[in-house]
Amino acid sequence: MSSQTNPRPLLRMSAIAKSFPGVVALGGVDLEVGRGEVHALLGENGAGKSTLLKILAGAQASDSGTIELDGLPVVLANPQDAHRQGIVTIYQEFTLAPNMSIADNVFVGREPGSRLLINDRQLDEATSQLTKSIGLERGPRTLVRDLSVAEQQMVEIARALSMKSKLIVMDEPTSALSLAEVDKLFEIVLGLKAQGISTIFVTHRLEEVFRICDRYTVLRDGQNAGAGAVAETSVEGIIKLMVGRELKALSERRAATEFGPVMLEVRDIVRLRTVTSPQAIELRNVSFNVRRGEVLGIAGLIGAGRTEMARAIFGADPFDSGHVLIDGVETAIRSPQEAIVHGIGLVPEDRKQQALFLSLAIKTNLTMAAHDRISRWRYFIDSRTEAGLVDDYRQRLNIRMAHPDQLVANLSGGNQQKVVLARWLALGPKILIVDEPTRGIDVGAKVEVHNLLLEMANSGIAVIAISSELPEILTIADRILTMREGRVTGEILSADADQEKLMKMMTAPIDRAA
Amino acid sequence: MTNSTESDTGSQGGWDFFGFAAKFAPLIFLFILMAVFAIVEPRFLSSVNLFNIARQVSVTGLLAIGMTFVILTAGIDLSIGSLLAFAGLVAAAVAKGGLSDRFTVGDDAIGFGWPLAALAAIGVGIAGGFIQGLAITKLRVPPFVVTLGGMSVFRGAALLFAAGGPISGFDPGYAWWGQGKVGPVPVPVIVFLVCAIAAHIALSYMRFGRRVYAVGGNPEAARLSGLNVNRIIVSVYVIMGFFAGLCAFVLSARLNSAEAVAGTGYELTVIASVVIGGTSLFGGIGTIFGTVVGSLLIGVLLNGLVILNVSSYIQQIIIGVIIVLAVAFDTFAKSRRKRAG
């Protein structure tokens, strides 16, 4: 299908492989980018895009594979090497110093002037030239912290240009931009193209691929899933490559049960950006409900507001307006403590950062939220009751450990996640929210966690499962909600859904006026 | 895609040197140090000197118990020396019934007696800790800064309260707490041991202790597990204040005097004791047992240096170097743990 391959592309990455302990991130991936080409690098979360980009930026070393630039092999051992070769990466998280001026940021470390003194006039002139060329109407002495997100991105681009880049890599550059700002960015990218500068463009918004990109490469599970000219494919074609035909959900569907009454109802939750958090993800009128015994799946791409929604309901982050009804009763939840009192549990997305106490024992981790169940004389821990409780969950959840006194840090991801699930089960929750419940855990443990969630639902708990893995959502959910940019974009019964439908609902354009 | 094997059956045989060292190094080092001093200077092992060490250690040890709670939450308290001075002066004034006869010696003093004096010292300590705890949690100022401020505020308060001068001479009931003995054992040593056991029980067997470790180990996870993180943080500074007050009372009783410059530089000795005892400045790791050993280690070291006629200037240098080395070891052990985890 790559019929008109450039005989001498600007960049050719061949058979790039990279493994991390327990996971093969890239299993021999190829990427070719032509001169002056805008190239889309696509794939689901975890497909290997970011690892590939880190290798190209010199931030990570590949285990094997070669990189050729202009037909000559290059070694990118560190970011400086990449810069010297004219490859500059603009990450989602900008690397600007907010309290320094535009000029200082653009030329940091490469200021014009003598060895000791910086020639300020030259610096400002050079900066103005660059910023004007991409349409940034700000003086070179303006502090970066006073700029909007879009303007900061332009400073990053100006810096890339100042390094005489041949190839600029942009990792999800449009995720934090408004429509008008996206248009402006695309103008800049086309301007670069006219100068013969190539761009690698990572995005989750497939419509953008068709607006701006010439060619595409799709990764799936650390492998090449396909590549070709954008003009010769369609959104459907790319989605098919991203999710993969063979990845049919391996579900053992739960017997159709009559769900109980509505356990949790959420009405019109709104959270807006504030001055202090201009990059925060907004929530716009999020409404839904979950019934007793039901698993509600929530699908969406990273940054769609799924986690933010969960944290708002759980009282971990405040929201501006909206109502939460539990068992039909309006409830104000201002902290996780209050959420727990009302029978809500949350298994957060980042196990190590947000759920586990890595320096503490398994048993201490497991019983941390359930001290009321294991106390004696009110203030003391009854170690025998605690041991019994831990042993109970160890068997029920099949947590493989040497001893409950072992540090939780020494468990595998799957067993760590079971400890976190047990922590909440020990509280007897009415509602359990699980955010990326199987991220980074083994395939075998994954199935176990899925079955656990289904058992919980069968026992009458209302389960909300957030996941970026569509097969997972299709496996465990009874009903699926899709979100994008803080809004609910659709709802579908699991029985009627498939990955392509979900992907379309997740990436559907949004009427931003709403 | 995944090729890992479930390997959750514990430490796979391999001897965990760093785990072992972190646990027992202080104790081993303590014995080595004592052996060296004993060989160089036989007087070191005399019962008089050993009880002398025990009494000295009891004073900073009381503070180190409180500091263990604070450091377990990844906090720090630099104000303890100043708070101690202030609390001691208040206790002395209460014992004396005012500041008018501050130099009257012996039992002809007309005051409110030692029980009220002790309560006053502890009350001042708790109040000081509570205010600092509130500043840390409500104003969101880092503990280092709040207690650095407190260090200056309480020292100023002590100087102001006593107009710079000491208050000395207490009745026998008061003095007993610093100078008395039960059998051959000095009273401060008993106070220290009782407090150490109580603190050990609180940290190891009580819900509160669990929560202290949790907040220090991972504050975000603690919050998401439904713990009231702010209340726990305020509590540890209150506990620290309690021990500063108690220590102020015992120290003034031992010296038969309270003065505004008491406790200067104690924060360093105390933090060194806690850190050498294996408590991590990053929070979540540490024991009272370790702190007792760490306090003994510092006490033995200082005593031995005195006996060997090493100047007090050099002692300060040695304490400073030790604290940096102890933290370096902690950081190193942490990075090892991270790699292993």
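In chain A, A:L481 stands opposite A:E491 in β22(A). This is a predicted model, in which local features need pLDDT of at least 70 and side-chain atom pairs count only at pLDDT 80 or more, while totals for chains, interfaces and linings use all residues. Residues are numbered from 1 along each chain as its sequence is written, and chains are lettered from A and ligands numbered from 1 in the order in which they are written.

Strand β21 (residues 479-484) of chain A pairs with β22(A) in the antiparallel sense over 6 bridges, where strands (E, at least two residues) and helices (H or I, at least four) are DSSP runs numbered from the N terminus, and two strands pair if DSSP finds at least two bridges between them. Both belong to an open sheet of 6 strands in chain A, with mixed pairing and the order β16-β19-β20-β13-β21-β22. Because β16 (344-347) and β22 (487-493) of chain A stand at the edges with a single partner strand each, one side of each is left without a neighbour in the sheet. From one strand to the next, the twist averages 20°, with angles running from 0 to 180 degrees between the N-to-C directions of axes that are lines fitted to C-alpha atoms, for helices over the stretch in contact.

Helix α9 (residues 306-313) of chain A lies across β13 (295-299), β16, β19 (431-435), β20 (462-466) and β21 of chain A, and runs at about 150° to β19(A).

Turning to the other chain, 27 residues of chain B are in contact with 40 residues of chain A, contact meaning that the C-beta atoms, placed from the backbone, lie within 7 Å. On the side of chain B that touches chain A, α8 (207-217) and α9 (219-224) of chain B each supply at least two residues, and α8(B) gives the most, with 6 residues.

Definitions and conventions:
Two residues are in contact if their C-beta atoms, placed from the backbone, lie within 7 Å.
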